[in-house]
Amino acid sequence: MADFDAASKSSVDPELQDFLMAEKQKAQLSAQIHEFNDICWDKCMDKPGSKLDSRTETCLNNCVNRFIDTSLFITTRFAQTLQKSQSGM
(Lines give C-alpha, C1' and ligand atoms only; values in the text may rest on other atoms or scores of the structure.)
Protein backbone atom coordinates (compact mmCIF):
# COMPACT_ATOMS: atom_id res chain seq x y z
CA MET A 1 0.00 0.00 0.00
CA ALA A 2 2.87 2.39 0.75
CA ASP A 3 4.23 1.85 -2.79
CA PHE A 4 0.84 2.78 -4.25
CA ASP A 5 0.69 5.97 -2.15
CA ALA A 6 4.18 7.01 -3.21
CA ALA A 7 3.44 6.29 -6.87
CA SER A 8 0.13 8.14 -6.80
CA LYS A 9 1.66 11.20 -5.13
CA SER A 10 4.36 11.43 -7.77
CA SER A 11 1.79 11.29 -10.59
CA VAL A 12 -0.65 13.83 -9.11
CA ASP A 13 -0.74 17.24 -10.75
CA PRO A 14 0.98 19.85 -8.50
CA GLU A 15 -1.95 22.20 -9.07
CA LEU A 16 -4.30 19.54 -7.74
CA GLN A 17 -2.03 19.02 -4.74
CA ASP A 18 -2.15 22.77 -4.00
CA PHE A 19 -5.92 22.76 -4.33
CA LEU A 20 -6.25 19.78 -1.97
CA MET A 21 -3.92 21.42 0.53
CA ALA A 22 -6.00 24.63 0.46
CA GLU A 23 -9.22 22.65 0.93
CA LYS A 24 -7.71 20.77 3.86
CA GLN A 25 -6.73 24.07 5.47
CA LYS A 26 -10.25 25.42 4.93
CA ALA A 27 -11.69 22.33 6.60
CA GLN A 28 -9.32 22.73 9.54
CA LEU A 29 -10.32 26.38 9.92
CA SER A 30 -14.00 25.46 9.76
CA ALA A 31 -13.48 22.84 12.47
CA GLN A 32 -11.75 25.45 14.62
CA ILE A 33 -14.66 27.86 14.10
CA HIS A 34 -17.17 25.25 15.27
CA GLU A 35 -15.04 24.37 18.27
CA PHE A 36 -14.64 28.03 19.14
CA ASN A 37 -18.40 28.61 18.86
CA ASP A 38 -19.00 25.74 21.26
CA ILE A 39 -16.46 27.15 23.71
CA CYS A 40 -17.97 30.67 23.60
CA TRP A 41 -21.48 29.34 24.02
CA ASP A 42 -20.53 27.15 26.98
CA LYS A 43 -18.49 29.92 28.56
CA CYS A 44 -20.94 32.80 28.12
CA MET A 45 -24.48 31.41 28.11
CA ASP A 46 -25.63 30.62 31.63
CA LYS A 47 -29.34 30.52 30.93
CA PRO A 48 -30.71 31.28 27.47
CA GLY A 49 -33.63 33.67 27.49
CA SER A 50 -35.47 36.05 25.25
CA LYS A 51 -32.84 38.76 25.81
CA LEU A 52 -29.09 38.87 26.50
CA ASP A 53 -28.01 40.47 29.74
CA SER A 54 -25.04 42.86 29.64
CA ARG A 55 -22.60 40.33 31.15
CA THR A 56 -23.47 37.70 28.54
CA GLU A 57 -23.30 40.24 25.73
CA THR A 58 -19.87 41.44 26.89
CA CYS A 59 -18.63 37.88 27.22
CA LEU A 60 -19.80 36.94 23.73
CA ASN A 61 -18.36 40.16 22.30
CA ASN A 62 -14.95 39.48 23.87
CA CYS A 63 -15.08 35.87 22.76
CA VAL A 64 -15.87 36.89 19.17
CA ASN A 65 -13.06 39.46 19.22
CA ARG A 66 -10.59 36.79 20.34
CA PHE A 67 -11.92 34.56 17.58
CA ILE A 68 -11.29 37.28 14.98
CA ASP A 69 -7.76 37.86 16.31
CA THR A 70 -7.06 34.14 16.21
CA SER A 71 -8.52 33.73 12.72
CA LEU A 72 -6.40 36.56 11.36
CA PHE A 73 -3.32 35.03 12.95
CA ILE A 74 -4.06 31.59 11.50
CA THR A 75 -4.80 33.04 8.06
CA THR A 76 -1.53 34.97 8.08
CA ARG A 77 0.39 31.85 9.09
CA PHE A 78 -1.23 29.81 6.30
CA ALA A 79 -0.31 32.51 3.79
CA GLN A 80 3.29 32.59 5.05
CA THR A 81 3.53 28.81 4.85
CA LEU A 82 2.14 28.81 1.33
CA GLN A 83 4.57 31.53 0.22
CA LYS A 84 7.51 29.63 1.71
CA SER A 85 6.47 26.39 -0.01
CA GLN A 86 6.01 28.16 -3.35
CA SER A 87 9.33 30.00 -3.14
CA GLY A 88 11.06 26.74 -2.27
CA MET A 89 9.97 25.14 -5.56
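The protein chain contains three helices and zero strands. Helices (H or I, at least four residues) and strands (E, at least two) are DSSP runs, numbered from the N terminus. From the N terminus on, the order of elements is α-α-α. The model is predicted: local features need pLDDT of at least 70, side-chain atom pairs count only at pLDDT 80 or more, and totals for chains, interfaces and linings use all residues. Residues are numbered from 1 along each chain as its sequence is written, and side-chain values use heavy atoms, with hydrogens and water left out.

Confidence was examined next. pLDDT is the predictor's confidence in each residue, from 0 to 100. Its mean over the protein chain is 82, and 88% of the residues reach 70 or more. Over residues 1–7, pLDDT stays under 50.

Two disulfides were found in a search of the whole structure. A disulfide is a pair of cysteine sulfur atoms within 2.5 Å. One is formed by Cys40 and Cys63, with sulfur atoms 1.6 Å apart. Cys40 lies in helix α2 (residues 14–44) and Cys63 in helix α3 (residues 54–87), so this pair ties together parts that are 23 residues apart in sequence. The link of Cys40 and Cys63 is left-handed, with -85° about the S-S bond. Cys40 and Cys63 are each buried. Buried means under 20% relative accessible area, exposed over 50%, and partly exposed in between (1.4 Å probe, protein chains only).

The other disulfide joins Cys44 to Cys59, with an S to S distance of 2.0 Å. Cys44 sits in helix α2 and Cys59 in helix α3; the pair links distant parts of the chain, 15 residues apart. The torsion about the S-S bond of Cys44 and Cys59 is about -70°, so this disulfide is left-handed. Cys44 and Cys59 are both buried. With bonded cysteines counted along the chain, the disulfides follow the pattern 1-4, 2-3.

The surface was then considered. Accessible areas come from the Shrake-Rupley method with a 1.4 Å probe; for residues, only the protein chains shown count as cover. The protein chain exposes about 7500 Å², and carbon and sulfur atoms supply 59% of this area. Of its 89 residues, 11% count as buried. Leu16 lies in helix α2. At 41% relative accessibility, Leu16 counts as partly exposed.

Conventions:
Contact = heavy atoms within 4.5 Å.
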